[in-house]
Amino acid sequence: MKNASFSLRHIGPNTSELKDMLKTIGVCSLEELIDKTIPKNIKLQQDLALPKALSEYAFTNFIKKLGSKNKLYKTYIGLGYHPTILPAVIQRNIFENPSWYTSYTPYQAEISQGRLEALLNYQTMVCDLTGFSMANSSLLDEATAAAEAMIMLFNARNRTQKKEAVNQFFISDKVLPQTKSVLETRSVPLGIELVYGDAQSVELTNKMYGALVQYPGKYGQINDFTNFIESAHQKDIKIVMAADLMSLVLLKSPAELGADVAVGTTQRFGIPMGYGGPHAGYFATSNEYKRQIPGRIIGISKDAHGNRALRMALQTREQHIKREKATSNICTAQVLLAVMAGMYGVYHGSEGLKHIAKKIHRLANTLNTAVLQMGLTQTNTTVFDTLQIKVSDAEKIKNLAEADEINFLYIDKTTICISLNETTSLEDVKQIVTLLAEVEGKTTPTITSCLKTLSIPKKLLRTSDFLTHEVFKKYHSETEMMRYIKTLERKDISLTHSMISLGSCTMKLNAATEMLPLSFANWNAIHPFVPLNQAQGYQEMLADLEQSLSIITGFAATSLQPNSGAQGEYAGLMTIRAYHKSKSDSHRNIVLIPSSAHGTNPASAVMAGMKVIVIKTTPEGNIDVTDLKEKAEFHKDNLAALMVTYPSTHGVFETAITDITQIIHNNGGQVYMDGANMNAQVGLTNPATIGADVCHLNLHKTFAIPHGGGGPGVGPICVAKHLAPFLPTNAVIPTGGLQAISGISAAPWGSALVDLISYSYIKMLGSEGLKTATCYAILNANYLKASLKDDYNTLYSGENGFVGHEMILDFRGIKHQYGIDVTDVSKRLMDFGYHAPTVSFPVHETLMVEPTESENKAELDKFIAALKCIKQEILSYNKETDSVLKNAPHTEAIITADKWPYSYGRQQAAFPLTYIKANKFWPNVSRVDNAFGDRNLICSCNPIEDYMN
């Protein structure tokens, strides 16, 4: 065994297992399997032109050396990003803990109660601080949250406003520049007209439906928006307030000021800056918008035995179900970061947060006093943490500050901003004052202590309580916090327990060596708007990653800015839109999408201002080429694009793919390839070879970024040469092409910190390892198919009878014959210690199974044994008696109760197979009542008894 080879550590089956698996599948070699699975005309003829693989040890040394090129200056730039202090108990037990970062989105509530509770804490914290009754469980960043609010209120216009085509949205000139950029991107395709101005003097009109203000403003000024909001409401204009969550500890909440929606980021709650992300954006509003609010909401329900149980509420709003009628394409959130931010609130409690906020504010007041003593002008009249100072020569200050390893925000030649933060000390303030005095030729004021007074006017000072629930009062010692985190951790299934074979989700190994650099200060403590010469390590890493992804996909250029797969879809379509516009083809707005496509595809298309035409699929699960050709030719004058997933969402390499892409090109369209299934392509074929023009990749699938319980994700887009000029830019640090579209996400390179994981993955596997990983992903899927063929029907296969990297098990006939549905099977798998595969997607009453390359034969065999055992339980099911399937999952409390109410035994319920006894995972609650949770929507930490009536 080559101990230094990362490939051997990442890939599950060993050489001896490979021989047995190939025999079961019915092929002689791995090469034969690949040849019979992937169409010959699209197979790559050469290996990927990537550097030779590094060992884990060599890579760790390399990434440390590269990280040393990032300069750790004291940063007071602000603009929505601040240095923070992440409590070590949260860093060690959540951020660096695979039980938290390798879990999946909590669709299977019974085995997700831990992170559901953590997210409920987060929602409660956001509700308390903003003053609203409802918050979602995170969005991608502040700019995205603001855009979602703009769109939600646009869709929620009253009947008169819709009839009169009211479409203007006002944006205060104090709003963050990166937020404005994303709003520009999102507004144009939907026909929303943006109006800019000063909220204190703007003339609001009946042509406006909504407005966005920043609280405090981008340069630190705090305005009282009470009169503005009252005037707006008189004209039925709804108000979105982008609010600094830390400032709300001291400031009157957005709801108290009369706002309708509050958005922002929770980055200040202990989350590292990470050169732009990932961070959890927040979104809070009133119950009035509970059916329109974007993103996921965690709600309180009950289980089959009446016990309190948490779940994701109102899922019928999601794009998986509503598709082109969805109001948002949100799929991935930022769960891991939301969990961390919520735990920051739990650990500090209201009094701890007040201490932190007051410290920041008092230091700002101390600095302000010194600035005034020097005779300088500070233009903000009310501040929380940021001063706007007039100086004689900003460039001179910049040179001296950077020589002292300090970063300020430079607005113009005579104006700077200084934004203080949680890490700032009195000594830091003294250093700043000394620097200013030197440049301005002033006597340095003597600072002996921090001012104790608060300078916020009484009318804006917060008087309402927050974080009053007991969860925010109990865990303030590290011992108790550690145990609370562990208690929640033990309620959830993750990759630390067993394989998670979710189809279309690629739950592969997230190797420890890939994760370690995220904790290095040289990588996680960099502000996204520092001068590029202070982030050379990042610049080299990001450029190298972009080049590697371009090589892997066969394309000319890559943008890493989209911070989720759905954002990548949207970015790809907006790039296509810009290309058509450059050709004077703005009328091209028809997108063809197969009926089997992921729900984000049509949702993203609609958001990009396009009209969706659905393409039929054949009984074999392939795109109906005849239907495609007819519709492409019928719409040839207006055809914008085809959105296609490859291999298909049905898990098959369609042999007609190059014919399909050629039909689109012949009729003036572009081909967008959804990269959800790229784990079956890397090194064997690529999007450029099949004829695509643009694709997005899910770095949180194919390239090893963990799912984090529902985020973070990264969804870069790779494009052909003719689309490269239109890649997105950023309002603060320019990126993208020469004809770049405006911003897709807030930060220039999106969630740059976690890009390190995919960079590590590619560097340590190299060309050969990446190709081998793909082959083993296909091997494992076909081994499952062959092993289960006598018990379950695989719905779709390729022309030679093989599947790609995933397969669909059909339970429709089982339901019809036996009355056992796929939900029963998914819940029963929990008793075997498994998270269910993807349920009822893309075909109702099916399971889509994707084992990935990281699982060995022993783990696959346990999963096979579980499904075979369940099949026997199905065959013996009697509708006249209770059923181990219908009652699943079985909790420890049920199994150990004095009274056993069922006809089957406890052994069958909890330990149906011998291997389970060695490492039993107990579901924390019985089957959750989804309907009850939606009828009785509770999204914060109140006890359920309060709402029973």
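## The largest cavity

In this predicted model, the lining of the largest cavity comprises nine nonpolar, nine polar and five charged residues. The volume of this largest cavity is about 260 Å³. Its lining is formed by 23 residues, and those nearest the centre are Gly 80, His 82, Pro 216, Gly 217 and Asp 244. Two strands, E5 (208–215) and E15 (415–419), each contribute at least two residues to the lining of the largest cavity.

The structure as a whole holds 13 cavities of 30 Å³ or more.

## The second largest cavity

The second largest cavity has a volume of about 110 Å³. It is lined by 14 residues, of which Phe 95, Leu 336, Leu 518, Pro 712 and Val 754 are the closest to its centre. By class, this lining has 14 nonpolar residues, with no polar and no charged ones.

Helix H14 (335–373) and helix H26 each provide at least two residues of the lining of the second largest cavity. H26 gives the most, with three residues.

## The second largest pocket

H26 also gives the most to the lining of the second largest pocket, where its share is 10 residues. This pocket has a volume of about 1,000 Å³.

In total, 39 residues line the second largest pocket, and Ser 7, Ile 11, Glu 768, Gly 769 and Thr 772 lie nearest its centre. The lining divides into 19 nonpolar, 12 polar and eight charged residues.

Arg 268 is located in the loop between strand E7 (261–265) and strand E8 (281–285). With a relative accessible area of 6%, Arg 268 falls under the 20% cut-off and is therefore classed as buried.

A polar atom of the Arg 268 side chain lies 3.4 Å from the backbone oxygen of Leu 420. When neighbours within four places in sequence are left aside, the residues in contact with Arg 268 are His 82, Thr 84, Asp 244, Met 246, Tyr 344, Ile 360, Phe 384, Asp 385, Leu 420, Asn 421 and Glu 422. Two of these contacts, His 82 and Asp 244, are also among the residues nearest the centre of the largest cavity.

Technical notes:
Residues are numbered from 1 along each chain as its sequence is written. This is a predicted model: local features need pLDDT of at least 70, side-chain atom pairs count only at pLDDT 80 or more; totals for chains, interfaces and linings use all residues. Side-chain values use heavy atoms; hydrogens and water are left out. On a 1 Å grid over the protein atoms alone, a cavity is a set of points where a 1.4 Å probe fits but cannot get out, and a pocket is an open set with protein on both sides within 12 Å along at least five of seven lines; lining residues have an atom within 4 Å of a point. Grid points are joined across faces, edges and corners, and a volume is the space filled by probe spheres set on the points. Helices (H or I, at least four residues) and strands (E, at least two) are DSSP runs, numbered from the N terminus. Ala, Val, Leu, Ile, Met, Phe, Trp, Tyr, Cys and Pro count as nonpolar, Asp, Glu, Lys and Arg as charged, and the others, Gly among them, as polar. Buried means under 20% relative accessible area, exposed over 50%, partly exposed in between (1.4 Å probe, protein chains only). A polar contact is a pair of N or O atoms within 3.5 Å; within protein, one must be able to donate a hydrogen and the other to accept it, and residues adjacent in sequence count only if both atoms are side-chain atoms. Contact means heavy atoms within 4.5 Å.
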